[in-house]
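Hello,

Here is the structure I promised to pass on. Please open it first, then read my notes below.

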Amino acid sequence: MHQLFSYGTLQLPGVQETTFGRLLDGRPDAIVGFRSEILTITDPVVIERSGSDEHPILLRGNASDVVEGTTFTINDADLAAADEYEVDDYTRIEVPLRSGGVGWVYIFGGDHPLSTI
């Protein structure tokens, strides 16, 4: 089993149902040392699932930065489905969770400044 921290559209019931085939059971959580910005998405499937072309994306910040969200316990197939849902601008890394332990999260994985996207 995996811990997946979501701060954006993977928290939406409609996105969960179309991505995982069910609603996920989650708990409020946070990660420290990251900040959230907005990314414009162009993938029509992701836009249709989420209902928006603007999605939050994480960038490394400083020790005082905190991003609130939800941690879900998921299986290998769910993690693969989440990887498929996230567009190429995101990369998955493991981070410490404020609740304890570590979890996967998707952060900005581009090779250019976010402001130029």
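Contact here means heavy atoms within 4.5 Å. Helices (H or I, at least four residues) and strands (E, at least two) are DSSP runs, numbered from the N terminus.

Now the source. This is a predicted model: local features need pLDDT of at least 70, side-chain atom pairs count only at pLDDT 80 or more, and totals for chains, interfaces and linings use all residues. Residues are numbered from 1 along each chain as its sequence is written, and side-chain values use heavy atoms, without hydrogens or water.

Start with the helices. Val15, Thr19 and Phe20 of H1 meet Asp78, Ala81, Ala82 and Tyr85 of H3. The two helices, H1 and H3, pack at about 110 degrees, and their axes lie 9 Å apart. (Axes are lines fitted to C-alpha atoms, for helices over the stretch in contact; angles run from 0 to 180 degrees between N-to-C directions.)

Next, strand S1, residues 2–6. Four of its five residues are buried, meaning under 20% relative accessible area with a 1.4 Å probe, protein chains only. S1 runs antiparallel to S5 (residues 66–74), joined by five bridges; strands pair if DSSP finds at least two bridges between them. Ser6 has Thr70 of S5 as its bridge partner.

Which residues touch the most other members of the largest nonpolar core? They are Tyr7, Leu10, Ile31, Phe34, Leu58 and Val105, out of 31 residues. S7 gives the largest share, five residues. Such a core is a set of buried Ala, Val, Leu, Ile, Met, Phe, Trp, Tyr and Cys residues joined through side-chain atoms within 4.5 Å.

Best wishes

Conventions:
Buried means under 20% relative accessible area, exposed over 50%, partly exposed in between (1.4 Å probe, protein chains only).
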